[in-house]
Amino acid sequence: MNHERRDFTRGPILQELLRFALPVLFALFLQVMYGAVDLLDVGKFGTASDISAVSTGSQVMQVVTFAITSLAMGITILAGQKLGEQKPEEAGDAVGSGICLFALIGVVMTACMVIFAGPIAQMMKAPEEAYDLTVTYIRICGGGSLFIV
């Protein structure tokens, strides 16, 4: 079995960079599409208040997803540095610490999204007629934050 070693330190990096970045971009695209599909379905069957609730709530979830993705990139950079320094044990420690950190973040974020859905909807200036629906949408989607993380 031929295992080709890939790195960003020798030769052209465009192909390797694309291999690295495309899965992340695809995951972010899927999150945006998740909100878009919700809006399409609600738009067919719901009222203007329903559409407003889903639109506002999906924006909150996109911010959460992008924040988590950004933090994950930090762990990836740290692990990459350690691998580049030929310190695979420290790279493993960085990944292990990242897993523990994200498990904790996931639990805390899930609890916060469910508990503070009302203040989040207020902060997002959800229209009065869509406020309760926005809170419900944020609670439902926020309840899955652990799985998003």
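Biologist: In which helix is Ile75 found, and which residues is Ile75 in contact with, leaving aside its neighbours within four places in sequence?

Modeller: This is a predicted model, and in it Ile75 belongs to helix α2. Once the neighbours within four places in sequence are left aside, the contacts of Ile75 are Ala94, Val95, Gly98 and Phe102.

Biologist: How far apart in space are Ile75 and Ala48, C-alpha to C-alpha?

Modeller: Along the sequence, Ile75 and Ala48 are 27 residues apart. In space, taken from C-alpha to C-alpha, the distance between Ile75 and Ala48 is 41 Å.

Biologist: Is Gln62 buried or exposed, and which residues does Gln62 contact beyond four places in sequence?

Modeller: Gln62 is placed in helix α2. Its relative accessible area is 12%, and because buried means under 20%, Gln62 counts as buried. Leaving aside neighbours within four places in sequence, Gln62 is in contact with Gln31 and Val32.

Biologist: Which element gives the most residues to the largest nonpolar core?

Modeller: The largest nonpolar core has 17 residues, and those with the most contacts inside it are Met109, Met113 and Ile138. Two or more residues of this core come from each of α2 (48–84), α3 (88–115), α4 (117–123) and α5 (131–142). The element that gives the most, with five residues, is α2.

Biologist: Which residues does Met109 touch, not counting those up to four places away in sequence?

Modeller: Met109 is among the residues with the most contacts inside the largest nonpolar core. When residues up to four places away in sequence are not counted, Met109 touches Val64, Ile68, Ser145 and Val149.

Biologist: How many disulfides are there?

Modeller: A disulfide needs two cysteine sulfur atoms within 2.5 Å. For Cys112, which is partly exposed with a relative accessible area of 33%, the nearest cysteine sulfur is that of Cys141, 16 Å away. Cys141, which counts as buried at 9% relative accessibility, is likewise in no disulfide. By this rule the number of disulfides is zero.

Biologist: What is the accessible area of the nonpolar surface patch that includes Leu30?

Modeller: Leu30 has its place in helix α1 (residues 14–45), and at 45% relative accessibility Leu30 counts as partly exposed, because that value lies between the 20% and 50% cut-offs. The patch on the surface is formed by Phe26, Phe29, Leu30, Met33 and Val37, and together their accessible area is about 460 Å².

How values were computed: Residues are numbered from 1 along each chain as its sequence is written. This is a predicted model: local features need pLDDT of at least 70, side-chain atom pairs count only at pLDDT 80 or more; totals for chains, interfaces and linings use all residues. Side-chain values use heavy atoms; hydrogens and water are left out. A nonpolar core is a set of buried Ala, Val, Leu, Ile, Met, Phe, Trp, Tyr and Cys residues joined through side-chain atoms within 4.5 Å. Buried means under 20% relative accessible area, exposed over 50%, partly exposed in between (1.4 Å probe, protein chains only). Helices (H or I, at least four residues) and strands (E, at least two) are DSSP runs, numbered from the N terminus. Contact means heavy atoms within 4.5 Å. Patches are made of residues with over 30% relative accessible area and no salt bridge: like charges are joined within 9 Å, nonpolar side chains (Val, Leu, Ile, Met, Phe, Trp, Tyr) within 5 Å. Accessible areas come from the Shrake-Rupley method with a 1.4 Å probe; for residues, only the protein chains shown count as cover. A salt bridge is a side-chain nitrogen of Lys or Arg within 4 Å of a carboxyl oxygen of Asp or Glu.
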